[in-house]
Amino acid sequence: MRRRWATVIAAVAGAAGLALIASAQQNAAQQNAEIQVLPVQGNIFLVTGAGGNIVVQAGPQGMVVVDTGLAQMSDKALAAIAKLSPKKIQYIINTHVHPDHTGGNDAFRQAGTTIAGANVTANLTDVKLGAQIFAQDNVLMRMSAPTGSQSPSPFGAWPTETFNSGRKQFSFNGEAIEIIHQPHAHTDGDSIVFFRRSDVVAAGDILLTTTYPFIDLERGGGIQGEIDALNTIVEMAVPLRQEEDGTYIIPGHGRICDRFDVVEYRDMVTIVRDRIQASIKKGLTLDQIKAARPTLDYDARYGAKSGFGTADGFIEATYKSLSQKK
Amino acid sequence: MGIARFWCLLLLFLPILTAQGPGSYVPGREPGIDLAGNWGPVFHEDAGERGPGPELVNYLGFPINEGARLAALSYDASRFTVPEHQCEPHIVTYIYRGPLNVRIWEERDPQSQELIAIKQYIDNYEQTRTIWMDGRPHPSDAALHTWMGFSTGKWDGGILTVYTTHLKRGWLRRNGLRHSDQTTLVEHFIRHGDHMTHVSIVTDPLTLTEPLIRSQDFLLRGQNGEGWLYPCEPVVEIERPRGAVPHYLPGENPFLHEFADKFHIPLEAALGGAETAYPEYQLKIKQSATAAAKK
């Protein structure tokens, strides 16, 4: 019996060791990832390689940053962003709660500044320290915790200003910026950010060019909200000509898109949703639906091998989301 | 001349003797040929496909995988009535197959006359294409993908060879067969007097099991020709619920047998695959038909 326990302990320790090694390798790989900065159009730049995509608006007033990547990539990402403007980050906008998009919040906030009038700074001497962080209300709810409880994210990473009215608008660097809530899409706190003069939309993880959408049911996501959000982006975007150029859309992960890329992704999600819906109507179980491979035509392009965005994960989330609706 | 002096002179002139990149242009000694002019298509091959378009569920001869086949079978041509699909151009991997005129010209550095790019204007969907000849690298993976992609060219003797990346998802054939946005394209433009042959090799590991090779021919036009415009403005043709995407559910394509029945070929041949591109496949089909008749 003792020998059996020793074997079990050794196996568990071995597995844990392997997991630690894998995790360490993953972190090391991420930390060694190359940060790339690409001009998009107008005042907008895309920063890749820090986890989720980071979108930067740079101009004479300073910088607005949409999402902040992984915490461990903050130094590299900030160094790359600092080259875009001699002025500091004034505003951070979170498209949603996940740590590959909010992990750098604390570091980015500390590297930034808030411009406030003398009547404020006289009373609140620390008000200039750090940038403001905007997000939809549910992002703060999911990053924080009631007093006395351990919060999922450190206090310094929390949004400093939230909105629950569906839309927040402000102007910076001579450009109107709209933050538009997309309920129950990838999560329940998704926002898309529209830079109106530059004609660029930061879509967060509602749009990915790397994998299937990750519908985070635990955090309030849903398939119909995901499709609604994609349709909203399609409706906002205007091609320059022949379904090309015009409005550029930056996904949460992957490459720069224009409207037609979003249309293709919307079509894919809608078609898969329709297939699963039809299978549910026929009374098929989740396992039967998975076995029928309703994503076969898109698996080579969007099916992640593991982790987020796998075909099975997408089918399961869609099935559960459609079943919940009933 | 002493050995040392010879080597010194050789080293001095070596960069000039071996130079290939920008800065090495010598007038009159540039490789390649002039492709400039207005070119019109010659429809002596695949005319039915290139003019009116291919039949539905005719994938014969296309080396597609099962995923590409399912996507094509799901395709409902009504998708073209959706406003955001109405102005979708033919992608560069396909555009030379359709009806088109092509204008080709060179872009040269005004001071050095070095060839910077070969440009093309294709009237079908008003597409302008740039083939960079100055050795510049292809863009980052995170850059935009477009209908004409990002192309670089080089001369292989008198043949212009072009390599294209950064493509959108687009037609392999305009009946629902599509390649992915991970596709790459190699082309050869071969001029024989007033005749030009264009060979395209489409590689897409996500939808094709082997490269798809096609050729088209063009004739140099003596005149500018007409029909250089293709304005497109989408409109709502059919009222539908927001975001509706016309498609057939798996197993429900009503046109599945249409092409196969019309031309009396087995459905499995119509559904394509690499095997159906080769002459030996005809023998296999005959043998299986004979075996079936015997039963």
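Here are some notes on this predicted model of a complex with chains A and B.

1. Ground rules. Residues count from 1 along each chain as its sequence is written, while chains are lettered from A and ligands numbered from 1 in the order in which they are written. Since the model is predicted, local features need pLDDT of at least 70 and side-chain atom pairs count only at pLDDT 80 or more, but totals for chains, interfaces and linings use all residues.

2. Confidence. The predictor gives the complex an ipTM of 0.88 and a pTM of 0.89. For chain B the mean pLDDT (the predictor's confidence in each residue, from 0 to 100) is 89, with 89% of its residues at 70 or more. Within chain B, helix H3 (residues 66–74) has the highest confidence, at 98, and helix H1 (residues 3–18) the lowest, at a mean of 47. Go carefully around residues 8–27 of chain B, where pLDDT stays under 50.

3. Chain A on its own. You'll find eleven helices and twelve strands in chain A; helices (H or I, at least four residues) and strands (E, at least two) are DSSP runs, numbered from the N terminus. Of its 326 residues, 48% are buried, meaning that 20 or more other C-beta atoms, placed from the backbone, lie within 10 Å of the residue's own.

4. Where the chains meet. The contact involves 29 residues from chain A and 30 residues from chain B; two residues are in contact if their C-beta atoms, placed from the backbone, lie within 7 Å. On the chain A side, H8(A) gives the most, with eleven residues. By class, that side has 13 charged, eleven nonpolar and five polar residues. Here Ala, Val, Leu, Ile, Met, Phe, Trp, Tyr, Cys and Pro count as nonpolar, Asp, Glu, Lys and Arg as charged, and the others, Gly among them, as polar.

5. Domains of chain B. Chain B splits into domain 1 (37–220) and domain 2 (258–294), with bounds from an automatic or database domain assignment. Their C-alpha centres lie 29 Å apart, and 13 residues of domain 1 are in contact with ten residues of domain 2. The domain 1 side of that contact has seven nonpolar, three polar and three charged residues.

6. The barrel. In chain B, nine strands close into a barrel in the order E1-E2-E3-E4-E5-E6-E9-E10-E11, with mixed pairing; two strands pair if DSSP finds at least two bridges between them. For one pair to look at, take E5 (residues 150–156) and E6 (residues 159–165) of chain B, which run antiparallel and are joined by seven bridges. Trp155(B) stands opposite Leu160(B) in E6(B).

Methods:
A residue is buried if 20 or more other C-beta atoms lie within 10 Å of its own, exposed if 12 or fewer, and partly exposed in between; C-beta atoms are placed from the backbone.
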